[in-house]
Amino acid sequence: MSINDPTSYEPLTDIAPSRASLLLTDIVDSTWLTECLGDERMAHIWHAHDRMARDLLPLYEGREIDKTDGMLLLFQDPHQAIEYAVAYHRGLKVLSERERISFLARAGLHVDVIQLRENSADDVARGAKPLEVEGLAKSLVARVMSLGRGGQTLASGNAVDVLDRLPSTLKTHAHGHFRLKGIYDPVPVYEVGVPNESPFAPPIDAPKAYQVVQRNESWVPVTDVPNNLPSERNKFQGRDAELRELSQRIQRGQRLITLLGPGGTGKSRLSLELARRWRGDWPGGTWLCELEDISTKAELIAQIASTAQIALEGDDPVGWLGFVLTQRQPTLFVIDNFEQLVGHADVIGRLVKLAPNTMWL
């Protein structure tokens, strides 16, 4: 190649396109950790991280392609990619305990046809990577990974489609569809992990990836799902076990859940946090129905209707409410301060039967 002729290039050394599994990892809040711990200690931690991550690769027939705050890894078998991810998260837990820090990673998995390119020996000698991955798959796995929380492994629909023989120790959970920047069609995103180890919590919208739901044959952002949820006063922390239990009950099809406990123990805050996190599961709306000033059955029915923006009609208002709700997409009601209305629980009981796509909490 002539340095004076920018249009003159050596021919590419390509490897034939092939179907492969790309796993991309990223350490959460690594810049903040470096700021807190200092460059010297962080260099020691990064050395331990890289050694652990690389020592795992031969066990699962993986290959390192690139490295920044995490690694881009190549596997031929998606099952080995998932097994690597599980071992990697566990290795980080051991590292965190040893160093007395929180060192968590998020991971993304995508399976597709990729284009591989080998760099020349001269370029490798100058610092280039021996092997490059090109194509849309590389961008897509980065978008999927960006949605993850610490400890999560998220997978595209393509990846889950070929994960047909996962061991019983692993669980797959669907998190809905996401619009990924540069990708025309919304992509289904799943979480694959170990129960009681992996977060199994809704992904977090990122600048280049956000959750969408289908309404009236169109995909709209979850942030546009109708709701009347109040803004958070401060950051919600803890109570992961309770949130996990509630989400599992909903996933199993339970449509009426009652939270019991003394006043001031956070029942309302817990319910609202669940509604916020899983808002994408309820494209018909997530509604907070407050009953603090309600005392009669008629007022209860009117309050539910008003909250969900339903105009009551006919001689059977509960029947009408049920009819309207069956015409809507799945809807969630958070009923607050119901204790003074337990004598009218038959209203909720009837709505549970009339509107099978509605959840009451």
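The largest nonpolar core of this predicted model has 37 residues. A nonpolar core here is a set of buried Ala, Val, Leu, Ile, Met, Phe, Trp, Tyr and Cys residues joined through side-chain atoms within 4.5 Å, where buried means under 20% relative accessible area, exposed over 50% and partly exposed in between (1.4 Å probe, protein chains only).

**The cores**
- Leu23, Phe75, Tyr84, Tyr88, Leu92, Phe103 and Leu109 have the most contacts inside the largest core.
- At least two residues each come from strand E1 (13-27), H2, strand E3 (71-75), helix H3 (78-99), strand E4 (105-118) and helix H6 (157-162); helices (H or I, at least four residues) and strands (E, at least two) are DSSP runs, numbered from the N terminus.
- H3 gives this core its largest share, 9 residues.
- A second, separate core of 24 residues has Trp287, Ile304, Ile310 and Trp360 among its members.

**Around Phe103**
- Leaving aside residues up to four places away in sequence, Phe103 touches Ile27, Leu33, Met42, Ile45, Trp46, His49, Leu92, Leu95 and Ser96 (contact means heavy atoms within 4.5 Å).

**Two positive phi values**
- Most residues other than glycine have a negative phi.
- Glutamate 61, with phi near 55 degrees, lies in the loop between helix H2 (39-56) and strand E2 (63-67), and counts as exposed because its relative accessibility is 59%.
- Glutamine 309, with phi of about 60 degrees, sits in the loop between helix H9 (297-307) and helix H10 (317-326), and counts as exposed because its relative accessibility is 62%.

**Reading notes**
- Residues are numbered from 1 along each chain as its sequence is written, and side-chain values use heavy atoms, leaving out hydrogens and water.
- Local features need pLDDT of at least 70 and side-chain atom pairs count only at pLDDT 80 or more, while totals for chains, interfaces and linings use all residues.
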